Amino acid sequence: MTQDLAPSVREQPAGQHTQGWWRSAVIYQVYVRSFADSDGDGIGDLRGIRERLPYLAELGADAVWLTPFYASPQADGGYDVADYRAVDPLFGDLSDADDLVRTAHELGLRVIVDIVPNHTSDQHVWFRAALAEGAGAASRDRYHFRPGKGPGGELPPNDWESVFGGPAWTRTAEPDGTPGEWYLHLFAPEQPDLNWDNQEVREEFDSILRFWLDLGVDGFRIDVAHGMVKAPGLPDIGAGEQAKMIGAQTLPFFDQDGVHEIHRSWRKLLDSYDGDRIGVAEAWAPTSERLALYVRPDELHQAFNFQFLTCAWDATAMRTVIDESLSATTSVGAPTTWVLSNHDVVRHTTRYGGGERGLARARAAALLMLALPGSTYVYQGEELGLPEVVDLPDEVRQDPAFFRGDGQDGTRDGCRVPIPWSGERSPYGFGPGGSWLPQPAAWQELSVEAQSGDPRSTLELYRSALVLRRDLPGLGDGPMTWLDAPTGVLAVSRPGFVCTLNTLGGEIELPVPGRPLLSTRPLEFAGGTVRVPADSCVWWAV
């Protein structure tokens with residue numbers, strides 16, 4: 001007997017996890033430029049997001065995380081902030097931000113905004129003052145200015161490399177035009193690093209956080225939360241390897257113990273507000289144990305688990321990462337987070353092989369992720385099964401890493417293409433105008449409109465999975481055990497629930513563990529056994 005457990009289209013129940021909401025939350029990431037455009041300029045904006053919030057509520061999200069929308073020259077997609085208390089005109093104004101937060105709350109959605117504390121824009125008033133006032137000025141102590149090495153100071157102060165490629169130092173010209181000091185930028189030259197040993201920097205960010213908390217936001221995703229403190233003396237690394245955000249390198253500018261004092265102070269600030277406001281660390285730590293330090297009881301509420309994101313499509317590797325992640329966070333009483341894609345990495349449909357196989361694996365990985373204990377992040381468009389756009393012309397690319405050659409892959413534009421909503425031609429309902437990055441013609445078949453109501457679509461799979469995740473008391477935060485399973489298969493047990501994942505290239509016959517709830521591919525039953533297809537996942541009630 002063959003049983004197709006494609007999801008049926010169901011209405012979302014009103015019930016929500018109410019205690020420690022972040023411990024079980026499904027948080028939907030919106031890349032502001034690419035979600036919805038309200039004014040026809042081809043760039044997403046806050047009003048466009050507000051108009052689409054009912055879609056996120058109906059999908060089953062508990063919160064929405066917004067990438068930076070602050071005033072910025074946009075040298076790195078808004079992660080170069082010129083004014084932390086202003087909305088960039090590209091995206092609207094402060095009244096649009098206020099309207100968005102209010103509408104989200106009316107729909108039962110919480111709002112998390114990005115904060116960028118490691119660096120500012122080179123157009124920030126502080127940095128412009130530091131350049132204008134010259135060497136020795138107090139304004140330069142807000143950043144990392146240093147004299148160069150070698151004759152006339154012509155060499156950088158140390159051997160640090162930018163994550164985006166090339167030296168992490170740029171030389172300035174003094175007000176009289178002579179060659180001057182160098183300043184540190186772990187990312188683009190337009191993103192000078194702040195000096196967190198300076199008390200004025202700490203006080204300014206306390207004020208910034210209060211500004212947005214007073215407006216009503218429910219928390220912050222802290223960009224480069226592991227990079228704000230540098231080793232004393234800024235020592236050389238002594239190795240030629242390019243610095244990476246992801247990796248096991250021990251670096252004098254990432255994951256320094258001093259960052260935890262900052263996060264503890266921010267936790268106190270968050271706790272001084274009503275309504276369970278949270279802090280989420282974007283912290284790239286070399287081990288799960290180091291990452292867990294960011295979510296100790298007196299520090300942040302969550303930290304992104306990038307070990308899961310970077311894990312290969314392999315059952316043994318997945319189980320190891322899951323065990324290590326749960327062990328590390330459980331040791332400090334924190335929830336684990338799970339994420340498969342975001343705005344900085346190749347979409348997992350493509351990472352898992354692309355085409356039909358990549359989509360099958362992506363759908364299966366999503367069900368596994370949503371079955372695990374803790375909180376889950378969904379990147380915009382993954383619920384549509386969107387692949388990476390790998391053929392963008394060079395002339396439309398905007399990722400600064402692409403132009404610097406030897407830094408990050410420079411392929412981040414491919415996961416940032418505006419998502420399709422409806423229609424048969426670009427911009428597929430993204431807005432009344434065009435699209436800042438070109439959308440593939442095939443995306444008309446992947447739009448929200450095209451997939452809605454189709455029980456075999458990836459969108460309806462996500463909708464049904466999120467309904468079940470809220471309905472079933474054993475899902476979200478809580479206990480988990482492993483069941484015995486053949487090589488290449490994972491069997492996760494939660495209270496009243498089992499999740500079976502087959503990572504093999506062929507189907508496998510297993511005992512039926514319970515009543516089937518949801519499957520990424522049709523199942524075949526014979527007696528007391530079930531044939532689980534290749535690259536698929538099944539949810540069972542037991």
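**Around G433**

A: Leaving aside neighbours within four places in sequence, G433 is in contact with D37, G40 and P427, where contact means heavy atoms within 4.5 Å.

Q: Before we go on, what kind of model is this?
A: This is a predicted model, in which local features need pLDDT of at least 70 and side-chain atom pairs count only at pLDDT 80 or more, while totals for chains, interfaces and linings use all residues. Residues are numbered from 1 along each chain as its sequence is written, and side-chain values use heavy atoms, with hydrogens and water left out.

Q: Is G433 buried, partly exposed or exposed?
A: G433 is partly exposed, with a relative accessible area of 21%. Buried means under 20% relative accessible area, exposed over 50%, and partly exposed in between (1.4 Å probe, protein chains only).

Q: You mentioned P427. What kind of peptide bond joins S426 and P427?
A: A cis one, with omega about 15°. P427 is in the loop between α11 (400-404) and α12 (448-451). For background, most peptide bonds are trans, and most residues other than glycine have a negative phi.

Q: Which residues have a positive phi without being glycine?
A: Two to look at are D276, with phi of about 55°, and D535, with phi near 50°. D276 is in the loop between α5 (259-271) and β11 (278-281), and D535 is in the loop between β21 and β22 (536-541).

Q: Are those two buried or exposed?
A: D276 counts as partly exposed, at 37% relative accessibility. D535 is buried, with a relative accessible area of 4%.

Q: Switching to sheets: what is the order of the open sheet of 8 strands?
A: The order is β12-β11-β10-β6-β3-β2-β14-β13, with parallel pairing. Two strands pair if DSSP finds at least two bridges between them. At the edges are β12 (302-303) and β13 (337-339), each pairing on one side only.

Q: How many bridges join β2 to β14?
A: There are 4, between β2 (residues 26-30) and β14 (residues 375-379), which run parallel. Y28 stands opposite V378 in β14.

Q: What lies across β2, β13 and β14?
A: Helix α10 (residues 355-371) does, running at about 150° to β14. Axes are lines fitted to C-alpha atoms, for helices over the stretch in contact, and angles run from 0 to 180 degrees between N-to-C directions.

Q: Back to β21. Which residues are on its covered face?
A: V530 and V532 are on the covered face of β21 (residues 529-532), while T529 and R531 are on the uncovered one. In a regular strand the side chains alternate between the two faces of the sheet.

Q: Which strands does β21 join?
A: β18 (residues 508-511) joins β21 through 4 bridges, and they run antiparallel. β20 (residues 523-526) joins β21 through 3 bridges, also antiparallel. In β21, T529 is the bridge partner of P511 and R531 is that of E524.

Q: What about aromatics, how many pairs does a search of the whole structure find?
A: It finds 28 aromatic pairs. Rings of Phe, Tyr and Trp (its six-membered ring) pair if their centres lie within 6.5 Å; planes under 30 degrees apart count as stacked, over 60 as edge-to-face and the rest as tilted. The rings of F69 and Y70 have centres 5.1 Å apart and planes at 40°, so that pair is tilted. Both F69 and Y70 are buried.

Q: Last one: what sits over the ring of W436?
A: The charged end of R33 does, 4.3 Å from the ring's centre. R52 lies over the face of W421, at 4.0 Å from the ring centre. A charge sits over a ring if NZ of Lys or CZ of Arg is within 6 Å of the ring centre and within 35 degrees of the ring normal.

Methods. Helices (H or I, at least four residues) and strands (E, at least two) are DSSP runs, numbered from the N terminus.
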